[in-house]
Amino acid sequence: MPTNVSSDPSRYDQKLELILRASARIFAEKSYHSTSMRDISRATEVSLAGLYHYCKSKEELLFLIQDHCFGRVLQRLEERLQSESDPIARLRIFIDNHLSFFAANMSEMKVLSHEAESLAGDLHEHVSTRKRQYTRRARKIISEVQQAAVHSQKRTLRRNGQLKKDARPVDTTVATYALFGMMNWIYNWYDPRGKLSVSQLVDNITRLFLSGFLSPAGGIRVQGGSELAEKVNIWRSA
């Protein structure tokens with residue numbers, strides 16, 4: 001794990017942020033394995049000796065990019081969820097938090113998608129733990145949305161004197177990875193400077209997801225907790 005410290009944390013963090021953003025851009029353009037530390041040194045105008053002050057190797061640099069992204073996304077998410085209890089609103093916060101961050105960090109999103117397996121050992125395990133934590137958070141929110149829909153529909157059926165309808169179950173693990181698939185693909189087509197704003201992107205993806213997930217055919221029964229959850233990589237692109 002990285003152990004570098006600085007007597008001036010603010011200046012150190014600012015410089016590290018610059019290095020990480022430039023490195024992510026180069027990794028996204030050339031791929032991690034085709035990029036050298038000299039490439040990064042030229043792009044950042046930081047000497048090789050200076051780069052090694054911030055990271056011990058190119059692999060540690062890739063680790064810092066991934067860990068930094070997941071750390072910021074998770075921290076922002078937990079802060080925003082604290083004041084909201086409505087399941088649908090919480091899901092929208094999750095989608096908005098994810099898309100807003102990565103729309104502003106498209107290179108990082110591509111690196112997380114394409115270089116998911118480029119880390120090894122403890123560095124890989126640390127990032128994998130972050131991913132599992134993030135995936136479990138998403139699945140929990142989606143389960144809450146589904147359960148709320150189940151209760152609402154049952155109340156409506158009872159009030160109207162109707163019998164309970166049978167419906168095909170929607171597995172919450174499938175729903176979770178389907179949502180990540182929708183969100184993580186945006187680096188291939190979305191332009192933050194184009195006519196579609198981030199808020200419009202969030203609104204469209206939220207409505208698309210909920211229209212399918214909570215449709216009459218799929219909103220009755222709750223399924224989840226599949227072993228598949230811990231084996232699927234939410235950042236691997238097709």
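**Close-up views of a predicted model**

The structure holds 9 aromatic pairs, counted where ring centres of Phe, Tyr and Trp (its six-membered ring) lie within 6.5 Å. This is a predicted model, in which local features need pLDDT of at least 70 and side-chain atom pairs count only at pLDDT 80 or more, while totals for chains, interfaces and linings use all residues. Residues are numbered from 1 along each chain as its sequence is written, and side-chain values use heavy atoms, with hydrogens and water left out.

**View 1. The aromatic pair of F70 and Y134.** The rings of F70 and Y134 are 6.3 Å apart centre to centre with 70° between their planes, an edge-to-face arrangement (planes over 60 degrees apart; under 30 is stacked, the rest tilted). Because F70 lies in helix 4 (residues 58-81) and Y134 in helix 7 (residues 121-159), the pair ties together parts that are 64 residues apart in sequence; helices are DSSP runs of H or I with at least four residues, numbered from the N terminus. F70, at 1% relative accessibility, counts as buried, as does Y134 at 0%, where buried means under 20% relative accessible area with a 1.4 Å probe and protein chains only.

**View 2. A cluster of rings.** Ring pairs link F70, F94, Y134 and F180 into a cluster.

**View 3. Helix 8 against helix 9.** The axes of helix 8 (residues 172-184) and helix 9 (residues 198-213), fitted to C-alpha atoms over the stretch in contact, come within 11 Å and cross at roughly 155°, which makes the two helices roughly antiparallel (angles over 145 degrees). Contact, meaning heavy atoms within 4.5 Å, is made by A175, L179, M182 and M183 of helix 8 and by I205, L208, F209 and F213 of helix 9.

Notes. Axes fitted to C-alpha atoms, helices over the stretch in contact; angles between N-to-C directions. Parallel < 35°, antiparallel > 145°, perpendicular 65-115°, else oblique. Buried < 20%, exposed > 50% of the residue type's maximum accessible area, 1.4 Å probe, protein only.
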